[in-house]
Amino acid sequence: IDSFYKELEFGTGGLRGIMGIGPNRMNKYTIGMATQGLANYLKSVYTDQQISVAIAYDSRNNSAFFAETTAAVFSANGIKVYLFEELRPTPELSFSIRHLKCKSGVVITASHNPKEYSGYKAYWDDGSQIIAPHDTNIIGEVRKISDISQVNFKADQSLIEKIGLEVDNAYLDAVAQQVLSPKSIKNQSDLSIVFSPIHGTGITMTPPILKKIGFKNVHIVEEQSVPDGNFPTVVYPNPEEQEAMAMALVKAQKLDADLVLATDPDADRVGIAVKNSDGEFQLLNGNQTGVLIIYYLCKKWKENGKLDGNQFIVKTIVTTELIKDIANSYNIDCYDTLTGFKFIAGLIRELEGKKKFIGGGEESYGYLIGDSVRDKDAIASCAIIAEMAAWAKDNNTTLYEVLMDIYSEYGLYDETMVSITKKGKQGADEIIEMMKTFRNNPPTELGNSKIMKLIDYNSSTSKNLISGEVEAIDFPKSNVLQFITEDRTKISIRPSGTEPKIKFYFGVYKPNIQKSSFTEEMTSLVEKVSSIKEELHL
């Protein structure tokens, strides 16, 4: 019933679903219909020129077959196809679109979803995931494909060109050019790094980039090094999950390594572990890693004389405000976008030629350094994180100590996300009601602090709950609410766009802390988040 009761919907990010038979599943036919719709749209936009697209795929079961199906339909419609000869990371697909001057691109991936899933992500000519107006226009074209007979599957092999090494080298060169501390890497070339690709595409590019920029002591988690769509050693192939990092941590402890890195199956997200003050490995959350990256980029850009007031950083509205504090201290503009890297890429495109993008990221373990790629990039992130670790060691400190120094300078932040699953139609209705209640009857106080501001991205307004004053905000409409309190607590609420979930993001803050009291202060913030959850009945 679930396979046939509806059609798998082509959304703003493309397709994602369980593989299998039926219109509500990922298979040759649903992918063919999506590709035919995208091909029709491309031909309507670029009417008088040869259109080209790039296609990549990850390690999931059927990924190569789905990529070949996509190539067949594009070529059958007279579109030139550059198809990667083997699996490659999503960020390399983004890079290849601009490198090969394509009009669009597709990567077959379900990111870090369970093994039963596959996905189809569509990109535009700047290498970013598709945004307005193209997203809704493409959805419209895909919906016009009402019958499989409207799809041309007969490949024109003369229009399909296999790509690999040349694009690999160009991509690695672009990432390597972002190195900011070559001397530190040279001095610490034997830095002990443990890396796991968690059975995914990270194995193709992460070891090569670490070697290329100068690291000689990289240890691969062998049990997770072979690409495998069954992900046999993990429940979820997601570096956000401690269980997915377990093998890498065991290896790091045995080797007494300096750093642990792990990428998800399509290598756009990275999880890391560093040694704490007691010499024990500690996993960092997505906000903490993002803070270290942005701090390091700002510091080194300034030291290297690269700041001229014309640079910027981007984060999403649910990502830690500490990134903005750091950027402000270096007089670097920091912009917020809606959740999703396509919005970060959209802002980079908007400011191209006017301001230089340094870096950015989101709390869900995705970061981007420089603008040669226009999606989150775990390969470049691994390179910059390893470089940061070498720089820290070269200065007789560690990344953990650097993070403590940042908290001492800017104030302590603790961020947590709670995701509540509500399945089926009843669940969807419950999520609608929850958002309606929070919107129409917002709390007046949370965590013993008055709520000063209610930001409603659906109505593009920011309301001062003390004065009643309402201001317009310049954001695309999105079903997101934010509460900001007097003590800078930030609570964000949003239904997921891809899963039957409602997500709550908590950010709490404490100024003027001493490194010696870090544990106690962090405990008090964790307790504060717990009390806010209770107040919201979560």
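How do the residues of the lining of the largest cavity divide into nonpolar, polar and charged? I will come back to that in a moment, after a word on what we are looking at. This is a predicted model, in which local features need pLDDT of at least 70 and side-chain atom pairs count only at pLDDT 80 or more, while totals for chains, interfaces and linings use all residues. Residues are numbered from 1 along each chain as its sequence is written, and side-chain values use heavy atoms, with hydrogens and water left out.

Let me start with the overall fold. The secondary structure of the chain comes to 15 helices and 23 strands, where helices (H or I, at least four residues) and strands (E, at least two) are DSSP runs numbered from the N terminus. The radius of gyration, taken over C-alpha atoms, is 23 Å, close to the 24 Å that the globule rule gives for 538 residues, so the chain is as compact as a globular protein of that length; the rule itself is 2.2 Å times the number of residues to the power 0.38. Of the 538 residues, 58% count as buried, meaning under 20% relative accessible area with a 1.4 Å probe and protein chains only. Among contacts (heavy atoms within 4.5 Å) with a separation of 6 or more, 69% join residues 24 or more positions apart.

Turning to the interior, a nonpolar core here is a set of buried Ala, Val, Leu, Ile, Met, Phe, Trp, Tyr and Cys residues joined through side-chain atoms within 4.5 Å. The largest such core has 114 residues, and L261, I326 and I385 touch the most other members; its largest share, 13 residues, comes from helix α12 (residues 378–394). A second, separate core of 34 residues includes A34, I55, V106 and W124. Coming back to I326, and leaving aside its neighbours within four places in sequence, I326 is in contact with V291, I294, Y295, C298, I406 and Y410.

The lining of the largest cavity divides into 4 nonpolar, 3 polar and 4 charged residues, with Ala, Val, Leu, Ile, Met, Phe, Trp, Tyr, Cys and Pro counted as nonpolar, Asp, Glu, Lys and Arg as charged, and the others, Gly among them, as polar. Among the lining residues are E321, E415, R488 and K490, and the largest share of the lining, 3 residues, comes from β23.

The second largest pocket holds about 790 Å³ of space. Of its 30 lining residues, I317, D336, T337, Y457 and F475 lie nearest its centre, and the largest share of the lining, 5 residues, comes from α11. That helix is mostly covered, with 8 of its 11 residues buried, and its buried residues pack against β12 (311–316), β13, β14 (356–362) and β15 (366–369). Just after α11, G353 takes a positive phi of about 85 degrees.

Technical notes. Buried < 20%, exposed > 50% of the residue type's maximum accessible area, 1.4 Å probe, protein only. 1 Å grid on protein atoms, 1.4 Å probe; cavity = no way out; pocket = protein on both sides within 12 Å on 5 of 7 lines; lining within 4 Å. Points joined across faces, edges and corners; volume = space filled by probe spheres on them.
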